[in-house]
Amino acid sequence: MVRAAVPEFAGRVRERFGSYRHHVLATLRKDGAPRLTGLEADFRYGELWLGMMVGSRKVLDLRRDPRFSLHANPGPGADLSGGDIRVSGRAVEATDPQVVARYAAAVKPPEPFHLFRAELTEAVRTYVEDSYVVVESWVPGRPLRTVRRTSDDAAPRVE
């Protein structure tokens, strides 16, 4: 959906996630508190996939409440080449054996495993350009929103 709505932005998001395989997933515990865990995420077949070990807490969290956020691995150093990227949405467990088998054949994860397809409800990219912090954000049904600001700005500039 992001790719169809804002292809250039979606390409930057995908490229940033593709720089590293391991990222940080936020799920909700039973009591509503956040849980942060490492996760291998993969763009494949035009979608974002989340693979997890059988019996992991994040699987239980997502089965109970499918909302998640995923933060792209920032990589080494502090330059954030490509920007700081995060996406949020709902995780839908893949239960079709053919879908799971196709993914397993391509990715070769340790088996058995759980597989979730991400339905994105938000994508955000933050980066520095000249003296500005730039925040690009997308949500379904809306155009890409860009906000530029410096620490001297009384109010951010929305484009």
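Reply: Let's start with the term itself: a salt bridge here is a side-chain nitrogen of Lys or Arg within 4 Å of a carboxyl oxygen of Asp or Glu. The idea behind it is that side chains of opposite charge can pair when their charged atoms come close. Keep in mind that this is a predicted model. Counted by that rule, there are 13 salt bridges.

Glu 8 and Arg 12 form a salt bridge, and their closest N and O atoms are 3.0 Å apart. Both residues belong to helix α2, which covers residues 7-18, and they sit 4 residues apart, about one turn of the helix. Glu 8 counts as exposed because its relative accessibility is 61%, and exposed means over 50%.

Now for a pair that reaches across the sequence. The side chains of Arg 21 and Glu 40 meet in a salt bridge, at 3.2 Å from N to O. Arg 21 is in the loop between α2 and β1 (22-28), while Glu 40 is in strand β2 (residues 34-44), so this pair ties together parts that are 19 residues apart in sequence. With a relative accessibility of 33%, Arg 21 is partly exposed. Glu 40 is also partly exposed, at 40%.

Strand β2 has a part in another pair, too. Arg 35 and Asp 61 meet through their side chains in a salt bridge of 2.6 Å, N to O. This one links distant parts of the chain, with Arg 35 in strand β2 and Asp 61 in helix α3 (residues 57-64), 26 residues apart. What about their surroundings? Arg 35 has a relative accessible area of 15%, so it is buried, since the cut-off for buried is under 20%. Asp 61 is buried as well, at 1% relative accessibility.

Salt bridges can also share partners: Glu 8, Arg 12, Arg 125 and Glu 136 are joined in this way into one network.

Terms used:
Residues numbered from 1 in each chain as written. Predicted model: local features only at pLDDT ≥ 70, side-chain atom pairs only at ≥ 80, totals over all residues. Heavy atoms only, no water. Helix = DSSP H or I, 4+ residues; strand = E, 2+ residues; numbered from the N terminus. Buried < 20%, exposed > 50% of the residue type's maximum accessible area, 1.4 Å probe, protein only.
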